[in-house]
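Dear colleague,

Here is the structure for your files, sequence included. My notes on it follow below.

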Amino acid sequence: NNAAIMHDDKGVLDCSDQAMKETFDVNVTGPLSVTNKFHPLLKLAAECNSEFPLSCARAAVFNISSEQGSIHDTKTSSKTAYRVSKAALNMLTKCQASEFIKDGIICLSIHPCWVPTDLENPRAPLSYKEAVKDHIVQMITHCTEDHNGIFARQNFVPHPY
C-alpha cells in the first residue's frame, strides 16, 4: 500500500479539521480498505503456497510509511496531519500483523528512504528507481515471519515507533 497526501501545515494550530480528515482518508483508511478487500485473495495465496515459510512467497502486506510517522523521533509539529496519519498507519500495520498471521499473511510497515515526490523536496538523495531496486525489492524478496509487524527502514533496520 503506497498512498499518501500531505497538506502544507506549519504545525498543530495550522492543521484544519478538513486537512486531518482528508489525510487520514487517503493515508490510513485507503490502505485499510484496499487490504480488507484483498484479504480473501491474500489468504488464498497463503493457502496455495503453504509449502513455503511465512514470507512474501506466501502472502504479505507492505504498508509504505514514513520516518515522519515515528512518535519517538518527532521534534517538530510541521506537517501534523501527515505525521499523525503515518503513525496511525504504523498502528494499523501492527493490528493487521496480529490478525492476519493466523491466515499465513505477514504485514510490515516500511520507510523505504527519502525519494523525490510531489510531497517532498526534490533534493532527495535517491531516485525512485534506486529506491525501488535497492531497497523495496530487497525487502520484499527477503521478508520473513520475523519481520511481521515491524516498522523498518531499508534492510529491515528497525525504526522506532
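**Salt bridges**

Lysine 102 counts as exposed, at 63% relative accessibility. The scale behind that word is relative accessible area, where buried means under 20%, exposed over 50% and partly exposed in between (1.4 Å probe, protein chains only). Before going on: this is a predicted model, in which local features need pLDDT of at least 70 and side-chain atom pairs count only at pLDDT 80 or more, while totals for chains, interfaces and linings use all residues. Residues are numbered from 1 along each chain as its sequence is written, and side-chain values use heavy atoms, with hydrogens and water left out.

Lysine 102 meets aspartate 103 in a salt bridge between their side chains, at 3.5 Å from N to O. The criterion is a side-chain nitrogen of Lys or Arg within 4 Å of a carboxyl oxygen of Asp or Glu. By this rule there are two salt bridges. Lysine 43 also forms one with aspartate 103, with the closest N and O atoms 3.9 Å apart. Because lysine 43 lies in helix 1 and aspartate 103 in the loop between helix 2 and strand 2, the pair ties together parts that are 60 residues apart in sequence. As for burial, aspartate 103 is buried, with a relative accessible area of 13%, whereas lysine 43 counts as partly exposed at 33%. Side chains of opposite charge can pair when their charged atoms come close.

**Fold and confidence**

The protein has three helices and three strands. These are DSSP runs numbered from the N terminus, with helices being H or I of at least four residues and strands E of at least two. From the N terminus on, the order is α-β-α-β-α-β. Of the contacts between residues at least 6 apart in sequence, 66% join residues at least 24 apart; a contact means heavy atoms within 4.5 Å.

The average pLDDT (the predictor's confidence in each residue, from 0 to 100) is 87, and 89% of the residues score at least 70. Confidence is highest in helix 1, at a mean of 97, and lowest in helix 3, at 76.

Of the 161 residues, 40% count as buried. The largest nonpolar core has eleven residues: Leu54, Phe62, Ile64, Ile106, Leu108, Ile110, Ile136, Met139, Cys143, Ala152 and Phe156. Two or more of these residues come from each of strand 1 (60-64), strand 2 (106-110) and helix 3 (128-142). Strand 2 gives the largest share, three residues. Another core lies apart from it and has eight residues, among them Leu42, Ala59, Ala97 and Ile105. A core here is a set of buried Ala, Val, Leu, Ile, Met, Phe, Trp, Tyr and Cys residues joined through side-chain atoms within 4.5 Å. In soluble globular proteins, nonpolar side chains tend to be buried together.

Leucine 54, listed in the largest core, is in contact with Ile101, Gly104, Ile105, Ile106, Thr144 and Glu145, leaving aside its neighbours within four places in sequence.

**Surface**

The protein exposes about 8,800 Å², and carbon and sulfur atoms supply 59% of that area. Accessible areas come from the Shrake-Rupley method with a 1.4 Å probe, and for residues only the protein chains shown count as cover. Val34, Phe38, Leu41 and Leu44 make a nonpolar surface patch of about 370 Å². Patches are made of residues with over 30% relative accessible area and no salt bridge, like charges being joined within 9 Å and nonpolar side chains (Val, Leu, Ile, Met, Phe, Trp, Tyr) within 5 Å. Leucine 44 lies in helix 1 (residues 17-48) and counts as partly exposed at 43% relative accessibility.

**Single residues**

Threonine 23 is in helix 1 and counts as buried, at 0% relative accessibility. Not counting residues up to four places away in sequence, threonine 23 touches Ile5, His7, Val28, Ala81, Tyr82 and Ser85.

Glycine 30 is also placed in helix 1, and is partly exposed at 24%.

Lysine 79 has a positive phi of about 55 degrees although it is not a glycine. Lysine 79 lies in the loop between strand 1 and helix 2 (80-100) and is partly exposed, at 22% relative accessibility.

Regards
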